[in-house]
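This report walks a new reader through one protein chain, part by part. Please keep the sequence and the model in view while reading.

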Amino acid sequence: MAEKKSNPLSEIVFNVIVPSVILMKFSGEAQLGAVGGLLVALAFPVAFGGYELVRYKKYNFIALLGIVSVLLTGGIGLLELDTKWLAIKEALIPGLIGIVVFGSTFTKFPVVRNLVLNDSVSNPGSINERLIENNNQHLFDRCLTAVSLTCLRVLFFFSSIMNLHSSDSDCNQ
């Protein structure tokens, strides 16, 4: 079995950005239609997640998040629900990511550490070697924890609140 070398940028592009663009720009009646747009948008995270599952025997969290996001957006559109549900969904996703980032800080697999010390982003072996060599591993760990507990969490929660607020003001016009 091949060792997994995930690229967080490609995961976000294929599982979140491309499906969102398809749903927003190509699901009108003049293009793919609501059902066609939903099916094409779903194809990206389903294919990406399926590939990861078959190749590496692991579920891909970003692909699962993409599938849930597309199903929620598409379902809201197909069922012609009030736009407030779309606003809630748009606020919920970054909020959940913030909770996962925060919660993972207290586990063996913190999200921020996995993003920073990732073969496709950095050279973890060299970084760890230098940290040990200079006796700075504890400082590095403390910085990663601080980033997890403050910066990213605040960013995702701010995004969640702003999505809810902007969607709410759009609904009231």
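## Terms and basis

Helices (H or I, at least four residues) and strands (E, at least two) are taken as DSSP runs and numbered from the N terminus. The model is predicted, and local features need pLDDT of at least 70, side-chain atom pairs count only at pLDDT 80 or more, while totals for chains, interfaces and linings use all residues. Residues are numbered from 1 along each chain as its sequence is written, and side-chain values use heavy atoms, with hydrogens and water left out.

## Overall build

The protein chain has seven helices and zero strands, and its elements, read from the N terminus, run α-α-α-α-α-α-α. Of its 173 residues, 28% count as buried, where buried means under 20% relative accessible area, exposed means over 50%, and partly exposed lies in between (1.4 Å probe, protein chains only).

Helix 4 covers residues 83–104 and includes E90. The expected span of a helix is 1.5 Å times one less than its number of residues, and for the 22 residues of helix 4 this gives 32 Å, which agrees with the 32 Å between its end C-alpha atoms. The buried residues of helix 4 include A87, K89, A91, I93 and P94, whereas E90 counts as partly exposed because its relative accessibility is 30%. The C-alpha atom of E90 is separated by 9.4 Å from that of I161, although the two residues are 71 residues apart along the chain.

T107 has its place in the loop between helix 4 and helix 5 (111–116), and with 43% relative accessibility T107 is partly exposed. The side chain of T107 reaches the backbone oxygen of S104 at 2.8 Å. This is a polar contact, that is, a pair of N or O atoms within 3.5 Å, of which, within protein, one must be able to donate a hydrogen and the other to accept it, and residues adjacent in sequence count only if both atoms are side-chain atoms. S104 itself is one of the buried residues of helix 4.

Rings of Phe, Tyr and Trp (its six-membered ring) pair if their centres lie within 6.5 Å, and planes under 30 degrees apart count as stacked, over 60 as edge-to-face and the rest as tilted. By this rule there is one aromatic pair. The ring centres of F14 and F48 are 6.1 Å apart and their planes meet at 20 degrees, so the pair is stacked. Because F14 lies in helix 1 and F48 in helix 2, the pair ties together parts that are 34 residues apart in sequence. F14 is partly exposed, at 38% relative accessibility, whereas F48 is buried, with a relative accessible area of 15%.

## A nonpolar patch

F14 also belongs to a nonpolar surface patch, together with I12, V16, I17, V21, M24, F26, L32, V40 and F44. Helix 1 (8–25) and helix 2 (33–56) each supply at least two of the patch residues, and helix 1 gives the most, with six. V16 is found in helix 1 and is partly exposed, with a relative accessible area of 32%.

## A loop residue with positive phi

N135 lies in the loop between helix 6 (124–133) and helix 7 (137–171). Phi of N135 is near 55 degrees, a positive value in a residue other than glycine, and N135 is exposed, with a relative accessible area of 58%.

Conventions:
Patches are made of residues with over 30% relative accessible area and no salt bridge: like charges are joined within 9 Å, nonpolar side chains (Val, Leu, Ile, Met, Phe, Trp, Tyr) within 5 Å. Accessible areas come from the Shrake-Rupley method with a 1.4 Å probe; for residues, only the protein chains shown count as cover. A salt bridge is a side-chain nitrogen of Lys or Arg within 4 Å of a carboxyl oxygen of Asp or Glu.
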